[in-house]
Amino acid sequence: MREAIIRTVSGLLYISILVASILSSELIFIGLFYILGLICLIEMQKLLHLKSYALYVVQALLFYLFSFLKFDQNATLLLLAVTIFVNLFLVKDLLVIRKIPVFEKKKYIIIIFYLISSVIFLTLIPTIEGKFKPKLVVGIFGLIWTNDTFAYIIGKNFGKRKLFERISPNKTIEGFIGGIIFTAIVSYFISIYTDFLSYKDWIGLAFFISIFGTLGDLIQSKFKRQAGVKDSGNLMPGHGGLFDRLDSIIFASPFIYAYLYLLNYVS
């Protein structure tokens with residue numbers, strides 16, 4: 001009981017800080033996710049048994065150029081292409097290779113493009129049309145939390161078939177499908193209370209979030225399994241590390257950005 005209360009309070013505090021910071025201003029939003037990305041970087045380096053101060057410099061430089069200055073759209077699209085390419089390779093490694101080779105090689109490439117640049121694309125999502133729209137990010141986080149919550153509830157109560165047992169034994173196919181359905185339902189209500197994106201666009205976003213968010217969770221679970229740890233850290237009582245809480249949105253963010261960019265480009 002005490003552990004459940006601690007977990008609930010910790011989660012509510014996390015959500016409150018996140019939403020308040022996102023809604024306050026673009027600068028505070030970018031600053032917050034720079035700090036959150038920095039903590040995730042520290043936790044991921046521990047998972048990979050790596051200690052590189054150069055990566056902190058790379059993170060600061062990329063954040064300054066892309067998140068703060070937004071200095072060149074062509075460079076942003078190039079970074080997006082490389083980030084998606086690296087992330088899709090991680091999906092391939094998740095599905096067909098028993099051990100992700102990041103522990104033997106390519107550590108820096110994976111950290112820069114899987115983690116650092118993915119967080120950068122999260123900071124770019126609300127200004128994809130040129131104007132800061134914080135409710136877009138709040139809506140995306142709402143869909144992420146909806147997917148996680150209902151995938152867990154339905155999987156726990158109705159799940160029979162394992163989704164990816166050797167990596168995450170608690171995830172089920174029924175939970176995955178339930179997460180998609182409820183995320184799509186919530187996306188309808190979000191579309192009603194926002195003045196951007198149609199219901200169909202929000203539905204598409206819900207599918208992107210559910211699929212790539214789940215993949216991101218599985219990939220991070222595989223990192224932890226290879227490192228031999230249960231959590232990436234202990235910053236959040238009852239939840240583990242910050243990387244454990246942000247793994248879904250971190251992996252999904254470049255795909256979400258690409259989806260929104262294409263919608264904006266086509267329109």
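Colleague: What makes up the charge count of the protein chain, and how far apart do the centres of the two sets lie?

Modeller: In this predicted model, the protein chain carries 26 positive and 16 negative side chains, and the centres of these two sets lie 6 Å apart.

Colleague: Why is the protein chain called as compact as a globular protein of its length?

Modeller: The chain is built from 9 helices and 2 strands, which run α-α-α-α-α-α-β-β-α-α-α from the N terminus on. Its radius of gyration is 18 Å, and the globule rule gives 18 Å for 267 residues, so the chain is as compact as a globular protein of that length. The C-alpha trace spans about 45 × 45 × 40 Å along its principal axes, and buried residues make up 51% of the 267 residues.

Colleague: Why is Asp217 called buried?

Modeller: The limit for buried is under 20% relative accessible area, and Asp217 has 19%, so Asp217 counts as buried. Asp217 is found in helix α8, which covers residues 199–227.

Colleague: How do you know that the side chains of Asp217 and Lys171 are joined by a polar contact?

Modeller: The pair of atoms must be N or O and within 3.5 Å, and the contact joining the side chains of Asp217 and Lys171 is 2.6 Å. Lys171 is also among the residues in contact with Asp217 once neighbours within four places in sequence are left aside, and the others are Asp247 and Ser248.

Colleague: What makes the link between Glu174 and Arg161 a polar contact?

Modeller: The side chains of Glu174 and Arg161 are joined at 3.1 Å, which falls within the 3.5 Å limit for such a pair. Not counting residues up to four places away in sequence, Glu174 touches Ile154, Phe158, Gly159, Lys160 and Arg161. As for Leu62, Glu174 is 112 residues from it in sequence and 39 Å from it in space, C-alpha to C-alpha.

Colleague: Why is His49 called exposed?

Modeller: Exposed requires over 50% relative accessibility, and His49 has 58%, so His49 counts as exposed. His49 lies in the loop between α2 (26–47) and α3 (54–69), and has a positive phi of about 55 degrees although it is not a glycine.

Colleague: Which separation in sequence, and which in space, applies to His49 and Ala227?

Modeller: His49 and Ala227 are 178 residues apart in sequence, while their C-alpha atoms are 8.3 Å apart in space. For the protein chain as a whole, among contacts between residues at least 6 apart in sequence, 74% join residues at least 24 apart.

Colleague: What makes Lys70 partly exposed?

Modeller: Partly exposed is the range between the 20% limit for buried and the 50% limit for exposed, and the relative accessibility of Lys70 is 32%, so Lys70 counts as partly exposed. Lys70 lies in the loop between α3 and α4 (73–96), and its phi is near 50 degrees, a positive value in a residue other than glycine.

Methods:
Residues are numbered from 1 along each chain as its sequence is written. This is a predicted model: local features need pLDDT of at least 70, side-chain atom pairs count only at pLDDT 80 or more; totals for chains, interfaces and linings use all residues. Side-chain values use heavy atoms; hydrogens and water are left out. Helices (H or I, at least four residues) and strands (E, at least two) are DSSP runs, numbered from the N terminus. The radius of gyration is taken over C-alpha atoms; the globule rule is 2.2 Å times the number of residues to the power 0.38. Buried means under 20% relative accessible area, exposed over 50%, partly exposed in between (1.4 Å probe, protein chains only). Contact means heavy atoms within 4.5 Å. Lys and Arg count as positive and Asp and Glu as negative; His and the chain ends are not counted. The place of a charge is taken as NZ of Lys, CZ of Arg, CG of Asp or CD of Glu. A polar contact is a pair of N or O atoms within 3.5 Å; within protein, one must be able to donate a hydrogen and the other to accept it, and residues adjacent in sequence count only if both atoms are side-chain atoms.
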